Amino acid sequence: MKIKHIAVVLGVLCAVNSAPARAQGKLNVIATTEDLASIAQEIGGDRIAIDSIAKGYQDPHFVEAKPSFILKLQRADLLIVVGRELEIGWLPPLIQQSRNAKVQPGAGGYLDASGQVKILEIPQGQVTRAMGDVHPLGNPHYWLDPENGKGIARAISEKFSQLRPGDKAYFEQRLADFSNRLTEAEKRWLAAMAPYKGLKIVTYHRSFPNFTDRFGLDVVGYVEPRPGIPPSPSHTLDLIQEMKRQNVKVILVEPYFDLKTPNAIARDTGARVVVLAPSVGGVKEATTYFSLFDYDIATLVTAIKASGAK
Amino acid sequence: MRSSGIWLATTIAVCGFVAVPATSWAQQAPAPGDAAAQALRQEIAQLRTEFEARLAALEAKLSATGGGAAPPAPEPAAQTAAAPAAQVPPGAEGAGGPGGALPVYGGGSAASKVFNPDMAVVGNFLGVGGSNSVNPAPAMEMRESEVSFQAIVDPYARADFFLAFGETGVDLEEGYVTFPTLPGGLLMKVGKLRASFGKLNTAHTHILPWADRPLVTENLVGGEEGIGDAGFSVARLIPNPWIFLEATGQVFRGDSGDIFHSSERSDLSVIGRLRGYHDITESTNVDLGASYARGHNASGIVDQTDLGRFTTELVGVDATIRWKPLRRSIYHSFVARTEGVFSRREQPDGRQSSNGFYVSGDYQLARRWFTGARYDASDRADDSSARDTGQSLLLTYWPSEFSQIRGQFRRTKYAEGVTANELLFQFQFSIGAHGAHAF
């Protein structure tokens, strides 16, 4: 009897809770990062409600699996993930506890955005943790290439159309528009970076391979001795020697890393430390996928000019 | 167990034997015109094929006997480049599966590792210095090697196994199936699992911020083993506009270390827990819980017959405050936690109402350095007049995400009037699949 009462109360609460979302008819989308959320918003327009989990200024490898994220997933029609094991440390328990059949891996409401993009640094041959925290499925920071942005958008558009067949034309039109605007913007970004093609730089973590690949920068070293391993004195000394030898004047750092070692290296080599946004929301100027590149390119060009490197 | 070990060793030896010559052959360019060598090579290739087929049969036999660890797959180098290939099924990619072409299963190479569960081993080495006459631990001990197997069963379930290997024996720490998508928003687990009583009871030893467990766990909540039993668990989120609220109900057989003992089928133990969580800011959050447990204890057992039918009831409350600034989340964090347990144990000499608690703080100084302190006090379950108290100071160093080195100074004042000052040092290391971090 008592159990029945509780069940009724729970049922009512549940119905009350889910009613407003259904009434609006919007596709409820959760993305693991702000980058994916920004692109999903471009494609989904007013037909979706979007939310994201990791902030652009936090290290996406080390997000805490907070129970409040379970609530977000519980209500989602679609979960978009970066994939390539970026979220392996925190997403699986969230999905498991979401009680949401739609967003389980392999279900219709689960989209791995890495399906139609160019993935770099896929390890060849033997992979061991002696190499640090390597990603066996390739570098997951693939969204920092506008061409990959188009691939992500295409995958998202296809998934939206699959879930809301009635709005297929709407999504496809917005995808075409987004891709065109991105192509135009990319020309502008490439032109801004063209004078610095082949410029040698150093980055903190391996967060920027797709960015440097697209915009013609040559990464000659990393502040981290190995992925996920904090800087060591011997590696830092080696890096300083190498930077002096190759005349490297720019160090790219993600906003969530400590600047002490990069600054020390900069003092010794005369290089400039540039904090770039690796994600939408990484700095306050980078509010969308477009302004992310606007900010990063402008910041980088300013720094390169100031560093005196050609 | 012994014979499967021999099988395994044989398999490994055979694998190594096959793989080495295969690689060296592959690297040699064929000498044109040398017919004798060509024939020899063909003969060897044929031998190899037969060998691999027999090896595959052996492996199948081995896994059919349930011989523990999965056999190592043949060396990738031994795979023929011309092996028939299939595309990764959609959805498998990025979900932990490899990309690109895969060998067709049942082919000569038999390298069907895709469906193997995620496997990992966590080693926990513990050393103790100083003296302790009440609760003596060995000077050095490979305290636990926890082997985990985790995978998705089918579209409706996933399974998790945790086998705890001591230096001498093996124990199924947990082994359960989870149904994450039941109707009504229920999350159900069936199998052997650690009960949802408080915060610590569900935590495996290697994720604790200490090298030991606090006195309240040792005295009132079943020690290292804790409340862990075979049964059902059902958890549901309680929708409300304010906070995360989860209710969990569990029914177990009623056998749990030295805390619960089942003499009849009806001696089931029950656990209930209500947990609330709220983000105060993006960096700070609070986690509160209340738990209840009830089961029969072993105090009435005389000559293997339970004459007394005595029960133990536990009530627990816990609170955790976490702080982790997102922009510097890998460098600094702070966790403060307390748990209180009230135990009411019926026994032949009357009811014992005991209580205990601990309060702890852990601060992350730098990316790889953590420091912590703990104060704990607890009566004993079967004698509420005996109260132990303890204090600990800790320093932990993480060389990487996959290993840690910890020192703990522990001072314990036992009810017997003995004070033990001890230095615990612990090495923990994990290999295999990257598990998710506990929260």
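Me: In what order do the four strands of the open sheet in chain A stand?
Reply: This is a predicted model, in which local features need pLDDT of at least 70 and side-chain atom pairs count only at pLDDT 80 or more, while totals for chains, interfaces and linings use all residues. Residues are numbered from 1 along each chain as its sequence is written, and chains are lettered from A and ligands numbered from 1 in the order in which they are written. Strands (E, at least two residues) and helices (H or I, at least four) are DSSP runs numbered from the N terminus, and two strands pair if DSSP finds at least two bridges between them. With parallel pairing, the open sheet of chain A has the order 6-5-7-8.

Me: Which residue in strand 6 of chain A is the bridge partner of Val202(A)?
Reply: Strand 5 (residues 200-203) of chain A runs parallel to strand 6 of chain A, and four bridges join them. In strand 6 of chain A, Val202(A) has as its bridge partner Gly221(A).

Me: How are helix 2 and helix 5 of chain A set to each other: parallel, antiparallel, perpendicular or oblique?
Reply: Helix 2 (residues 34-44) and helix 5 (residues 146-163) of chain A pack at about 55 degrees, with their axes 9 Å apart. Axes are lines fitted to C-alpha atoms, for helices over the stretch in contact, and angles run from 0 to 180 degrees between N-to-C directions. Angles under 35 degrees count as roughly parallel, over 145 as roughly antiparallel, 65 to 115 as roughly perpendicular and the rest as oblique. Helix 2 and helix 5 of chain A are therefore oblique.

Me: Which element gives the most to the side of domain 1 of chain A that touches domain 2 of chain A?
Reply: An automatic or database domain assignment gives chain A domain 1 (24-182) and domain 2 (188-307). Counting residues as in contact if their C-beta atoms, placed from the backbone, lie within 7 Å, 26 residues of domain 1 of chain A touch 24 residues of domain 2 of chain A. Helix 2 and helix 5 of chain A are the elements that give two or more residues to that side of domain 1. With five residues, the element that gives the most is helix 2 of chain A.

Note on methods:
Two residues are in contact if their C-beta atoms, placed from the backbone, lie within 7 Å.
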